[in-house]
Amino acid sequence: MQRDPYPHYARARDAEGLTFVAELDAWLVARDADVREVLRRAEDFSSAGSLRPDVMPAPAALAVLGGGFGGRPVVVGADGAQHQELRAPIVRGLSPARVAAAVPYAAERAAALVDAFMNGGRNEDREHNGEHVEFMSAYARRLPGDVIGRIVGLDPVDIPAVVHGGYRAEELLFRPLPEDEQIAVAEDVVATQRILDRYARARHAEPREDLCTEIVASVADEGSIELTLDQRHEAASHLQNLLIAGHLTTTALIGTTVLHLLRHPDQWELLCAEPDRIPAAVEEAARYDTAVQGFRRVTTRPVTLAGTELPAGATLFVAYGAANRDAVRYPGADEFDITRTPARHLAFGFGAHACPGSQLAREQLRLTLRELTSRLPGLRLSEDHPVTMRPTMIHRSPQSLHLTW
């Protein structure tokens, strides 16, 4: 299901009512209309526990996490007034004006990363020589971290550790690991949390024009000299959640977009010849293989959805990826087609919990496609390296992506 959920989604859309999926321990909401109904009715379908771990860490790993910072409510898992309060500084920090101000830096970094692998440069993972690159490590995992790190206000020297910590947190919560590895992963997560706590305390002492300052101000008492311990936990939780959402999701979107364009050479060639199609290609790629496949919701009272009666406390997996392949809304939904007239898909959510960083993600993908189509029109998938998808439902992405030109 994690490697390729789409056949499961198709069966769930065709079934009467909702389908209970044991692997998810949840009712699968797979039709576009049903997903939109859940997202519209936040009072009936709570976001509390939306990031419930697929795998509960071992007690020894939880003990390590207990020595870090975090564990407080974050925007994706909150409802009502609390959700609005947590969301407000992020919306301000990712306003259209601030995103527009970040685009020149993002363009500069995109060009520099392509320069590096075209010229046989070296990154932290491997050496890239000649006309071959492992694109995920050389580009897709780097641009989003650099961009969101700059908006938050991180020193570039800290960004690789924060990006690494984000992936380690995802591993701990969404992949089964031996206990000794869980402990090592938890130590990496805590190291990242301590970096973020350092930033929170620094911004409280000396505010700047960055998103970290916005978040710290939202949890601090006005006029206070120092953050309380609880406020430090709150700030670290917000920053960790924001940074993970800001780089893992966009990395996944960049990787799957390039993958599907190159799996459809005629569409890649069309995009190279007609770069004005890039915005439509971005929307089609986001729809076709959605980066965040879905989030959990919990019923707050007995409800009926798609003819299925659910008690209070029932868990749903609200599958954006399934809704985006619903042929009722998108004719020929299983076809990847950048000439499709863009429709309002659910790749970035809908309603109160719609992704506040969607414009930033789109801008980075547009810049990526402009760089690649203009500079590397002969780009293609390496025949020597089959592509497998990462085993997670939360950030759907190629494990690695070997390209040649």
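1. Helix H7. The buried residues of H7 are Leu143, Pro144, Gly145, Asp146, Val147, Ile148, Gly149, Ile151 and Val152. This is a predicted model. H7 covers residues 143-152, and nine of its ten residues are buried. The helix is therefore mostly covered, since buried here means under 20% relative accessible area. Gly153 follows H7. The phi of Gly153 is positive, near 110°.

2. Asp25 is not a glycine, yet its phi is positive, about 50°. Where does Asp25 sit? Its place is the loop between strand E1 (19-21) and strand E2 (26-29). Asp25 has a relative accessible area of 44%, so it is partly exposed.

3. Ala306 is not a glycine either, and its phi is positive at about 55°. Ala306 belongs to the loop between strand E6 (303-305) and strand E7 (308-310). With a relative accessible area of 29%, Ala306 is partly exposed.

4. Aromatic pairs. How many aromatic pairs does the structure hold? The count is seven. Take Phe117 and Trp405 as one of them. Their ring centres are 5.8 Å apart and their planes meet at 55°, so the pair is tilted. A tilted pair is one that falls between the limits of under 30 degrees for stacked and over 60 for edge-to-face. Phe117 lies in helix H5 (residues 96-118), while Trp405 lies in the segment after strand E10 (402-404). The pair therefore ties together parts that are 288 residues apart in sequence. Phe117 is buried, at 2% relative accessible area. Trp405 is buried too, at 18%.

5. Now Phe135 and Tyr139. The ring centres of Phe135 and Tyr139 are 5.1 Å apart, and the planes are at 15°, so this pair is stacked. Both residues lie in helix H6 (residues 135-140). They are four residues apart, about one turn of the helix. Is Phe135 buried or exposed? Phe135 is buried, with a relative accessible area of 0%. Tyr139 is buried as well, and its value is 0%.

6. The cluster. Ring pairs link Phe117, Phe135, Tyr139 and Trp405 into a cluster.

7. The end of H5. Met118 is found in helix H5. Met118 is partly exposed, with a relative accessible area of 29%. Its C-alpha atom is separated by 8.2 Å from that of His132. Met118 and His132 are 14 residues apart along the chain.

8. Charges over rings. Which ring does the charged end of Arg141 sit over? It is the ring of Tyr167, and the distance to the ring centre is 5.7 Å. Arg325 lies over the face of Tyr6. There the distance to the ring centre is 3.8 Å.

9. Rolling a probe the size of a water molecule over the atoms shows where empty space is left. The count comes to five cavities of 30 Å³ or more. The largest cavity has a volume of about 90 Å³. Its lining is made up of Leu24, Ser50, Leu51, Asp54, Phe174, Gly294, Phe295, Arg296, Phe317, Met393 and Ile394. Which element gives the largest share of that lining? Strand E5 (residues 294-299) does, with three residues. By class, the lining has seven nonpolar, two polar and two charged residues.

10. Cysteines. A disulfide is a covalent bond between the sulfur atoms of two cysteines. How many disulfides does the count come to? It comes to zero. Cys355 is in no disulfide. The nearest cysteine sulfur to Cys355 is that of Cys212, 19 Å away. A disulfide would need the two sulfur atoms within 2.5 Å. Cys355 is partly exposed, with a relative accessible area of 33%. Cys272 is partly exposed as well, and its relative accessible area is 22%.

Notes:
Residues are numbered from 1 along each chain as its sequence is written. This is a predicted model: local features need pLDDT of at least 70, side-chain atom pairs count only at pLDDT 80 or more; totals for chains, interfaces and linings use all residues. Side-chain values use heavy atoms; hydrogens and water are left out. Rings of Phe, Tyr and Trp (its six-membered ring) pair if their centres lie within 6.5 Å; planes under 30 degrees apart count as stacked, over 60 as edge-to-face and the rest as tilted. Helices (H or I, at least four residues) and strands (E, at least two) are DSSP runs, numbered from the N terminus. Buried means under 20% relative accessible area, exposed over 50%, partly exposed in between (1.4 Å probe, protein chains only). A charge sits over a ring if NZ of Lys or CZ of Arg is within 6 Å of the ring centre and within 35 degrees of the ring normal. On a 1 Å grid over the protein atoms alone, a cavity is a set of points where a 1.4 Å probe fits but cannot get out, and a pocket is an open set with protein on both sides within 12 Å along at least five of seven lines; lining residues have an atom within 4 Å of a point. Grid points are joined across faces, edges and corners, and a volume is the space filled by probe spheres set on the points. Ala, Val, Leu, Ile, Met, Phe, Trp, Tyr, Cys and Pro count as nonpolar, Asp, Glu, Lys and Arg as charged, and the others, Gly among them, as polar.
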